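Work through the exercises below with the sequence and the 3D structure in view, and try each task before reading its solution.

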Amino acid sequence: MQPEFPALHLRCPRCRRDRTLRLEAAECDAREVREGTLRCAGCGASFPVHRGVGQLLPDPLEHIAREAAGLERFAEQMRADGWDAEKIRRLPDIGDGYWYVQGQSMNQILDAVDFKPGQSVLDVGSNTCWASNRLARHGQRVIALDIATPELQGLYTADFFIAEGLSYFERVQGSMSEMPLASASLDFVFCCEVLHHNDERSLRRTFQEIFRVLKPGGRLLVVNETLKTRRDPVGLHLEGVEQFEGYEHAHWAWRYRWEATRTGFLTRLLEPSYHWFFRERPMLARLPGAARRRLRATGSPDAALRTAGLHALRATRLGRRAYMAWLYHVAGGTQLTMIATKPLTGLRPRAGRRG
């Protein structure tokens, strides 16, 4: 943690005053304070800094403590499966399906958002810290926020990236529904596959917290959020959730957007760039493999009709939006990506307004 960081960006989790924490260093390296204490000038509370991480989650709720313990167990399983610092540093470019989607979605956000060098970004639920690293290397001032600290599944994983000397970002242990971040201190909040770690009540609280910490005009970037759909009304892999006590609650696409809107955000959905329908390739190449082979082998009327229909849908904005809505609400097989903007005026729009 760098000495000036607390006074610029932190909030005391005890008294909830902004920018009252001061850093007392005990051990430093060339980049930061590695060991020390954060002390509140307002209430006198103190919080440890260990391995550069400000530990601002003094009294976690029971379900948060259980989930953090589950992440530590999951890290042990990752080690047993061969995960190490070298593999983590390659994320998300390791080739498998899950990480392919993450990489494509990150590239989409970097293309869609006009980031300026030095703007501040909070990476909520940073986990392996791959996104924090990517954003920091892109030129942003990044803060990684997570409830867990263990290497491979928490904030200490940041050392794998920082040790390379190609990026630096701050790390704070805290909850997204009670963020230890100062009000109106951030340009962006980045949430990649993390908002579903809220029940409906804490989801609303989390959107309120994000709205609070963003500057007027700041943006929330929601990436690959887990969804319920008509075909999959659960939306979760329950075996993994139960094994590691994850506090996960998939929500409907409309729920995420409604909670953002009622908080005050102006929202817009992005197409899932990794989905074959939305890729910039000839439509025939984007057809599922079996359908493509059937069309070429038989030239059947059904396949030709389907191809023509997909061409027609993709050719218009309305058709693309309709297909995206069908995926998000009915068919599934994709996840929600959304940009939500805090109005410059700070005034909250009426419920139902969309940007």
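A crossing of two helices is called right-handed if the near helix is turned clockwise from the far one by less than a right angle, and left-handed if the turn is anticlockwise. Keep in mind throughout that the model is predicted.

**Exercise 1.** Describe how helix α7 and helix α9 are placed relative to each other, and state which residues bring them into contact.

*Solution.* The next step is the handedness, and here α7 passes α9 in a right-handed crossing. Finally, look at the side that α7 turns to its partner: Glu200, Leu203, Arg204, Phe207, Gln208 and Phe211 meet Arg255, Tyr256, Glu259, Ala260, Arg262 and Thr263 of α9. Sorted by class, this contact holds five nonpolar, two polar and five charged residues.

**Exercise 2.** Carry out the analysis for α4 and α5, giving the angle, the handedness and the residues in contact.

*Solution.* Helix α5 spans residues 130-137, and it packs with α4 at an angle of about 30°, the two axes being 12 Å apart. The crossing, in which α4 passes α5, is right-handed. From α4 the contact takes Trp99, Gln102, Met106, Asn107 and Leu110, while α5 supplies Trp130, Ala131, Arg134 and Leu135. Counting by class gives six nonpolar, two polar and one charged residues.

**Exercise 3.** Find the second largest pocket and work out which element gives the most to its lining.

*Solution.* The second largest pocket has a volume of about 430 Å³, and 18 residues line it. Those lying nearest its centre are Arg268, Leu269, Leu270, Arg321 and Met324. Two or more lining residues come from each of α9, β12 (266-269) and α13 (317-331), and α13 gives the most, with seven residues. By class, the lining has eight nonpolar, four polar and six charged residues.

Terms used: Residues are numbered from 1 along each chain as its sequence is written. This is a predicted model: local features need pLDDT of at least 70, side-chain atom pairs count only at pLDDT 80 or more; totals for chains, interfaces and linings use all residues. Side-chain values use heavy atoms; hydrogens and water are left out. Axes are lines fitted to C-alpha atoms, for helices over the stretch in contact, and angles run from 0 to 180 degrees between N-to-C directions. Helices (H or I, at least four residues) and strands (E, at least two) are DSSP runs, numbered from the N terminus. Contact means heavy atoms within 4.5 Å. Ala, Val, Leu, Ile, Met, Phe, Trp, Tyr, Cys and Pro count as nonpolar, Asp, Glu, Lys and Arg as charged, and the others, Gly among them, as polar. On a 1 Å grid over the protein atoms alone, a cavity is a set of points where a 1.4 Å probe fits but cannot get out, and a pocket is an open set with protein on both sides within 12 Å along at least five of seven lines; lining residues have an atom within 4 Å of a point. Grid points are joined across faces, edges and corners, and a volume is the space filled by probe spheres set on the points.
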